Amino acid sequence: MRKGRYGAALAALAAVAVLLTACSTKKDSSVVERAKENNKLTIGVKFDQPGIGLKKPDGSVEGFDIDVATYIAKQLGVDAKNIAWKETRSVNRESFLQNGNVDLAVASYTINPNRKKKVGFAGPYYIAHQDIMVRSNDNSIQSFADLKGKRLCQVAGSNSWENITRGTNKLNQKQDVVLFPANSYDECMTKLRGKSVDVVSTDDVILAGFAARDPQNFKVVGAPFTDEKYGVGMKKGDKKSCEAVNMAIKKMYEDGSAQRFLEKNFGAAKFKYADTLPAFEPCS
Amino acid sequence: MDWNNFYDKLLNFGPFLEHSNEIWSGFLATIRLSAMAAVLALVLGTLLAAMRVSPVSVMRATATMYVNTLRNTPLTLILLFCGLGLRDTLGFMAQAAPTVSGYWLAVAGLSAYTAAFVCETLRSGINTVPIGQAEAARSVGLPFSQSLRLVILPQAFRAVIAPLGSVLIAMIKNTSVALVAGYFEATATMKQLFDDVGATVPLFFGFAIGYMILTLPTGLLFGWLAKRMAVTR
């Protein structure tokens, strides 16, 4: 009797799981076609990265990714007012694209082989590099080698600290740092200001966004040691959209819009951004 | 959704085995934190309970205020105060090694919070001891501290072993927010794995099972103890 009840509960669970997966199977046509048809796009962006993608208290969003996404949408025939912005975090970008919760993801989204197995990428539209941020009066750290023995902010759920401790960087060097756990890069800034940590390290554009907010206290060292190709995420196999987005990115650099977006978002941070079109990865 | 995708998100326990080292050290950190916080919370909670039933009104008021404040404040806020407030802003323990300051600040926050619950549990235990016991202790000439220590508390503890077990279980699960105080434990490890393999269902289940391996035996042990140590009246 008891066992029978458990069996029924399991069967019910399985049924729910199957139903859930069945529900998410829809919308198979390509993003460009749907954008043209409905004049609507749902774009996944970061909501918590100043300079890249930040949601303001009044509900609007701003940042480099937002500007790029708006430009691309325009090229695909969707007006800025018809874009629905949705927050995508690092952990749910793949699922959101696969399930169709968002059409595109422009969310400081590094193209890598693991992710390519699950989703498609257009671009890159920018190549960021992991860099180092310190307090503005700290001159003891000028390069990657100077990190030895320093206290590094360790954000749970980000692989930036692993690039340093495991040597997954362009220099192929591991560095002995003292890890200081934190929940988010926002928290790291508080720790850096309060001298609990000496170094915050992640993509230079993210650091520049934070530095631009508070240039008196923070500076970006300018010692890049990884290449992070920021791509536009989409459903795997949507070659048509990938090519259309690539066209838009190319145009964005040719007509000077990209340079304008970079200056607008990172100009205040005294940070040397690259303003030329990166080489595209092949669409697949 | 194709079958591979479905398998990856719902049934693929592979990543769990691949990262077993990190997961083990994550849970080890959880155990270290729980063990120390449990001892300190028990000590502090007993002290608070004694204060709350003491004849000195200042002590009663102090303990009552402490319990009401800590018990009604979210744990995340208390731990954030310990980490971001005490250390990162006020500079308390800022020069200590992060593993040391993170650990002790998390222990401090967690045990300060749990002590309030231990105190209230123990106080309810004290209320189960018949008033005659206290009167008898007084009539043979024991002062307050001795009658509490020798007569009341031993009986009170034995009455609340099972509820104290619940408090301990809640505390073990509460360690999962210790990251905000700067302590890297099992849940932080899980978040880190999300970055590598995505937030898949097997990871959630795996970590839930990990916590249950810690909490289920705790519950059984305390249930058994409660039965064995029960005061027969």
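Chain B holds 11 helices and zero strands. Helices (H or I, at least four residues) and strands (E, at least two) are DSSP runs, numbered from the N terminus. The model is predicted: local features need pLDDT of at least 70, side-chain atom pairs count only at pLDDT 80 or more, and totals for chains, interfaces and linings use all residues. Residues are numbered from 1 along each chain as its sequence is written, while chains are lettered from A and ligands numbered from 1 in the order in which they are written.

From the N terminus on, the elements of chain B read α-α-α-α-α-α-α-α-α-α-α. The C-alpha trace of chain B spans about 75 × 45 × 25 Å along its principal axes. Of its 233 residues, 35% count as buried. A residue is buried if 20 or more other C-beta atoms lie within 10 Å of its own, exposed if 12 or fewer, and partly exposed in between; C-beta atoms are placed from the backbone. Two residues are in contact if their C-beta atoms, placed from the backbone, lie within 7 Å. Among contacts in chain B between residues at least 6 apart in sequence, 81% link residues at least 24 apart.

The two chains meet. In this interface, 25 residues of chain B are in contact with 27 residues of chain A. On the chain B side, helix 1 (3–10), helix 5 (75–89), helix 6 (98–128) and helix 10 (186–197) each supply at least two residues. Helix 10 of chain B gives the most, with five residues. By class, this side of chain B has 14 nonpolar, seven polar and four charged residues. Here Ala, Val, Leu, Ile, Met, Phe, Trp, Tyr, Cys and Pro count as nonpolar, Asp, Glu, Lys and Arg as charged, and the others, Gly among them, as polar.

Chain A is divided into domain 1 (31–127 + 229–269) and domain 2 (130–220). These bounds come from an automatic or database domain assignment. Taken over C-alpha atoms, the centres of the two domains are 26 Å apart. Their contact takes 12 residues from domain 1 of chain A and 13 residues from domain 2 of chain A. The domain 1 side has seven nonpolar, four polar and one charged residues.

The largest nonpolar core has 131 residues. Such a core is a set of buried Ala, Val, Leu, Ile, Met, Phe, Trp, Tyr and Cys residues joined through C-beta atoms within 7 Å. Ile43(A), Leu104(A), Cys153(A) and Ala106(B) have the most contacts inside it. Helix 6 of chain B brings the largest share of this core, 14 residues. The core also draws at least three residues from each of domain 1 and domain 2 of chain A. Two strands pair if DSSP finds at least two bridges between them. Strand 7 (residues 119–128) and strand 13 (residues 228–235) of chain A pair in the antiparallel sense over seven bridges. Ala128(A) has Glu228(A), in strand 13 of chain A, as its bridge partner. Strand 13 of chain A is mostly covered, with seven of its eight residues buried.

An open sheet of three strands in chain A has the order 2-3-4, with antiparallel pairing. Strand 2 and strand 4 (61–62) of chain A are the edge strands, each pairing on one side only. Gln49(A) is found in strand 2 (residues 48–49) of chain A. Gln49(A) counts as buried because 23 C-beta neighbours lie inside 10 Å. Beyond its neighbours within four places in sequence, Gln49(A) is in contact with Leu54(A), Gly63(A), Ser108(A), Ile206(A) and Gly209(A).

Another open sheet of three strands in chain A runs 11-8-12, again with antiparallel pairing. Strand 11 (200–203) and strand 12 (218–220) of chain A each have a single partner strand, so one side of each is left without a neighbour in the sheet. The twist averages 30° from one strand to the next. Angles run from 0 to 180 degrees between N-to-C directions, and axes are lines fitted to C-alpha atoms, for helices over the stretch in contact. Four bridges join strand 8 (residues 130–135) of chain A to strand 11 of chain A. Met133(A) stands opposite Val200(A) in strand 11 of chain A. Helix 8 of chain A packs on this sheet and touches strand 8, strand 11 and strand 12 of chain A. Its direction makes about 155° with that of strand 12 of chain A. Eight of the 10 residues of helix 8 (residues 204–213) of chain A are buried, so this helix is largely enclosed by the rest of the structure.
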